[in-house]
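Open the model in a viewer and follow the stops below. Each one gives a selection and then what is found there.

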Amino acid sequence: LIQYSTALLAPYKNKDNFMKSIPNKIVDSFANGIPLITSLKGEVEKIIDESGAGLKYNDSEGLYMALKKVLNDSDLQKRMRQSAKQVYQSRFEFNSVYRGLVSNLERLALRNE
């Protein structure tokens with residue numbers, strides 16, 4: 001189904017545990033280059049604001065406008081797809097994350113010598 005999707009709708013409630021984390025379905029969306037439409041605040045909102053990999057909404061009118069915008073603008077879809085892939089590569093892809101972890105551990109080890 002994801003290959004036929006224009007965007008992923010993530011209508012999570014703004015509960016503390018969702019706002020402080022990044023749910024797996026969000027990462028799946030980015031991994032597949034699918035733009036995100038969400039009401040979620042916190043970490044996910046920050047990623048969208050920084051990357052342009054999706055759209056946010058606060059209420060039913062905002063959801064309607066976000067859906068209308070993404071469905072009617074193929075250039076926007078393309079930009080958001082590229083951004084979603086970049087977010088995945090830089091923040092979640094195993095090799096990128098592992099390199100960063102190793103680098104941080106090496107830096108910590110050097111400080112403690």
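Buried means under 20% relative accessible area, exposed over 50%, and partly exposed in between (1.4 Å probe, protein chains only). Helices (H or I, at least four residues) and strands (E, at least two) are DSSP runs, numbered from the N terminus. This is a predicted model, in which local features need pLDDT of at least 70, side-chain atom pairs count only at pLDDT 80 or more, and totals for chains, interfaces and linings use all residues. Residues are numbered from 1 along each chain as its sequence is written, and side-chain values use heavy atoms, with hydrogens and water left out.

Select helix α4, residues 60–72. Its buried residues are G62, A66 and V70. They lie on the same side of α4, because they cover an arc of only 60° around the axis (taken from the directions from the helix axis to the C-beta atoms). An α-helix has 3.6 residues a turn, so residues three or four places apart point the same way.

Now show what covers those residues: β2 (36–38), β3 (54–56) and α5 (74–91) are included. Contact here means heavy atoms within 4.5 Å. Turn to the face of α4 away from its buried side, where S60, E61, L71 and N72 are exposed.

Next, select S29 in helix α2 (residues 24–31). S29 counts as buried because its relative accessibility is 0%. Leaving aside residues up to four places away in sequence, S29 touches L8, I34, P35 and L36.

Finish at L108, in helix α6 (residues 94–111). L108 has 41% relative accessibility and therefore counts as partly exposed.
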